[in-house]
Amino acid sequence: KLFGTFCEYYMELKKKFDFEVYVSVSEDQNRITASKYGHQSVTIPNSPLYQKVNASASMAKDYEYIIFIGSDDFLSEATLEYYVSLFKQRKYEYIYPLDWYFFDTKTKRGLYWAGYDRDFNRGNACGAGRALSKNAMRRMNNRPWIVGFDRVLDSGMDKQIRRLRLKGHAFKLKEQNLFAMDVKTANNMTPFSFWENSFPRDGRAMLKEFLPNHVNKFYNLTPH
């Protein structure tokens, strides 16, 4: 059900923005669902994971910018507008958020994660919401994730970004009054938890504040 919600949500956003959605799927039903809502897909096994995520990234290689999110990640309209404003400047090869919001379908709780805050990782990019320019993708041979980092995908991309010294721009959702969330179900790779440097939110109130037209859509999702 969450994948269907993802596909429907971004189909609606495509009416207001000029973009395409490319997804890597391992099940035929998800391929059918993606097609139903006008999205492109490639069918590929879940493992190794780096190959799966690279597959859909390579499909979008000819676009000026690509935003990388999972099928459990949802960007608000204002957040997408912010990305577009940065893309139009054509100043950055790499754009990334430092914080993120979460919603748990089982407990109906919300969470704001303020980002990495230890001495060794302060200022590191959030896993979701990273954007790469066409030139950055070309320099990575259209494969942002690399072999050997299947369990820690973000580290693989980070290694390439450091090696290539990409010109980056970091931002905080909260400081810009923007919203992007990861919806947690029983199938997520990382379960819902009150991570270090995170702050609880009332789930319904959070949805009503940032996605007022979609409150019931997300609040009524089941964890399975």
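Q: How many salt bridges does the rule count here?
A: The count comes to 13 salt bridges in this predicted model.

Q: Why is the pair Glu20 and Lys14 called a salt bridge?
A: The rule asks for a side-chain nitrogen of Lys or Arg within 4 Å of a carboxyl oxygen of Asp or Glu. The side chains of Glu20 and Lys14 meet at 3.3 Å, N to O. That is within 4 Å, so the pair qualifies.

Q: Why do Glu20 and Lys14 count as partly exposed?
A: Buried means under 20% relative accessible area, and exposed means over 50%. Glu20 has 36%. Lys14 has 21%. Both values fall in between, so both residues are partly exposed.

Q: What makes Glu64 and Lys134 a salt bridge?
A: Their side chains meet at 3.2 Å, N to O. The limit is 4 Å, so the pair passes.

Q: How do you know that this pair links distant parts of the chain?
A: Glu64 sits in the loop between H3 and S3, while Lys134 belongs to helix H5. They are 70 residues apart.

Q: Are Glu64 and Lys134 buried, exposed or partly exposed, and why?
A: Glu64 has a relative accessible area of 38%. Lys134 has 33%.

Q: What about Arg122 and Asp117: why is theirs a salt bridge?
A: The closest N and O atoms of the two are 3.0 Å apart. That lies within the 4 Å limit, so it counts. Arg122 is partly exposed at 47%. Asp117 is partly exposed as well, at 41%.

Q: Why is Arg90 called exposed?
A: Its relative accessible area is 59%. The cut-off is over 50%, so Arg90 is exposed.

Q: Where is Arg90, and what marks its backbone?
A: Arg90 is in the loop between helix H4 (77–89) and strand S5 (94–97). It has a positive phi of about 55 degrees, although it is not a glycine.

Q: Where does Lys108 lie, and what is its phi?
A: Lys108 lies in the loop between strand S6 (100–104) and strand S7 (109–113). Its phi is positive, about 65 degrees, and Lys108 is not a glycine.

Q: What makes the peptide bond from Ser47 to Pro48 cis?
A: Its omega is near 0 degrees. Pro48 lies in the loop between strand S2 (40–43) and helix H3 (49–59).

Q: Why is Gln160 called buried?
A: Its relative accessibility is 6%. Buried means under 20%, so Gln160 counts as buried.

Q: Where is Gln160, and what does it touch?
A: Gln160 is in helix H6 (residues 153–164). Leaving out residues up to four places away in sequence, it touches Met140, Arg143, Pro144, Trp145 and Ile146.

Q: How do you know that the span of H6 agrees with what a helix should give?
A: At 1.5 Å a residue, its 12 residues should span 16 Å. The end C-alpha atoms are 17 Å apart, which agrees.

Q: Which residues of H6 are buried, and what covers them?
A: Leu153, Gly156, Met157, Asp158, Gln160, Ile161 and Leu164 are buried. Their cover includes H3, strand S3 (65–68), S5, strand S8 (130–133) and helix H5 (134–139). H6 is followed by Arg165, whose phi is positive, near 55 degrees.

Q: How many residues has the largest nonpolar core?
A: It has 50 residues. Those with the most contacts inside it are Tyr10, Phe74, Ile95, Trp100, Met181 and Phe218. Helix H1 (residues 2–13) gives the largest share, 7 residues. Apart from this core lies another, of 20 residues, among them Tyr50, Ala125, Met137 and Leu164.

Q: How many helices and strands are in the chain?
A: There are 8 helices and 11 strands.

Q: Why is the chain called as compact as a globular protein of its length?
A: Its radius of gyration is 17 Å. The globule rule gives 17 Å for 224 residues. The two values are close, so the label holds.

Conventions: Residues numbered from 1 in each chain as written. Predicted model: local features only at pLDDT ≥ 70, side-chain atom pairs only at ≥ 80, totals over all residues. Heavy atoms only, no water. Core = buried A, V, L, I, M, F, W, Y, C linked by side-chain atoms within 4.5 Å. Buried < 20%, exposed > 50% of the residue type's maximum accessible area, 1.4 Å probe, protein only. Helix = DSSP H or I, 4+ residues; strand = E, 2+ residues; numbered from the N terminus. Contact = heavy atoms within 4.5 Å. Expected span 1.5 Å × (residues − 1). Rg over C-alpha atoms; globule rule 2.2 N^0.38 Å.
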